[in-house]
Amino acid sequence: MKKILIIALLINFIWACDIPAHGQSGFSINGMVTGYDSGLVFLKKREAGAWVSLDSMESNNGKFNFKGNLVAPEMCYIFFGNKKKSSIFLDNSDITFNVKMDDLRNPEIKGSGSQDLYNQYTDELKPFDDKFKDLSEQYRAAEKEGNKELLKQIYSTYDEVTNEKNSFIKKYIGANNKSVIVPYVLSSIYYSLEVNELDSLFKLFDPSLSSSPYYKTMDAKIKVLRTVEIGNKAPDFTLNDTLGNPISLSSFTGKYLLIDFWAAWCRPCRAENPNNVKLYADYKEKGFEIFGVSFDNGRDAWVKAINKDGLTWPQVSDLKGWGSAAGKLYGVSSIPHTVLLDKDGVIIAKNLRGEELRKKIAELLD
């Protein structure tokens, strides 16, 4: 219903024998899955927006076991086959994991202190999540009825609940700044924060958390975001268009330029495209340009979306999805994402869309 969040939050799951995490030399997961007597079981994590398999084995009458070592507690996932999965906040402990195939969202996990902390945290979030579930049901009903006024009200309420939830999370981080789960907690909302607020929350972390992969991710993210703050010169990059021809950002100097990070698979991006088409038609001859940067993985879907949506401005992509070089350069963690540059290539606004964007362009060019 909102942005496709795509979040590149997890890095460097290190399997080291000499750096224990959470009190012992390694972890052992003794697992039992009911309803999956045979088949592959995978231990995976998310890294740079992609799934990475850390270990796998064949289920033996539903039983499986994984062993390894972590530098710091980390959110991981146990897959049964290629798609169905359960999550586990893993630390270096002896852990039992029991789950039913028809109830993978509710595994019984014992032995992981990090999971216990995370369970307490999610219990406190439940009132917000219940509100989101209710709003989702209302949204589907309103969409089916074509009730646009109600849809607007639901969007507004969704934003209010999101702000309330984020406020709770911020307070939680401040009150639990030594907890091993708080770097992960911050990683769940950082994409919605301005860099100054993100930095202020990050600085609340106790130094003991510095080995967490999420701590390292936040530190790196803040450094990137500092380079693309409003008032800074936009970093240059060059990517290929749909025909393989390279186009550089710097080639647009002398025009007001909107860098539009999007993807064919991103529904909110596609919903915004008609607004951009109209804006481009109205202001192209007055010195306004759009530079589309796609987070697609395949050329065919990308080109099809360009043609279907009538996007006539320059489009580029390295077809690496969330691994997009330009996306990393600009710290993009959710799309649609826009960056507006002045004629000298200086960033003057970020994440303007719809009427807000039109109003800004009118101020500059009318």
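1. Start with the open sheet: 5 strands in the order 13-12-11-14-15, with mixed pairing. Strands here are DSSP runs of E with at least two residues, and helices are runs of H or I with at least four, both numbered from the N terminus; two strands pair if DSSP finds at least two bridges between them. Strand 13 (315-316) and strand 15 (347-350) sit at the edges with a single partner strand each, so one side of each has no neighbour in the sheet.

2. Before going on, note that this is a predicted model: local features need pLDDT of at least 70, side-chain atom pairs count only at pLDDT 80 or more, and totals for chains, interfaces and linings use all residues. Residues are numbered from 1 along each chain as its sequence is written, and side-chain values use heavy atoms, leaving out hydrogens and water.

3. Back in the sheet, strand 11 (residues 256-262) runs parallel to strand 12 (residues 288-294), paired over 7 bridges. Look for Trp262, which stands opposite Ser294 in strand 12.

4. Last, Leu117 in helix 1 (residues 113-145). Leaving aside residues up to four places away in sequence, Leu117 touches Tyr172, Ser179, Val180 and Ile181.

Conventions. Contact = heavy atoms within 4.5 Å.
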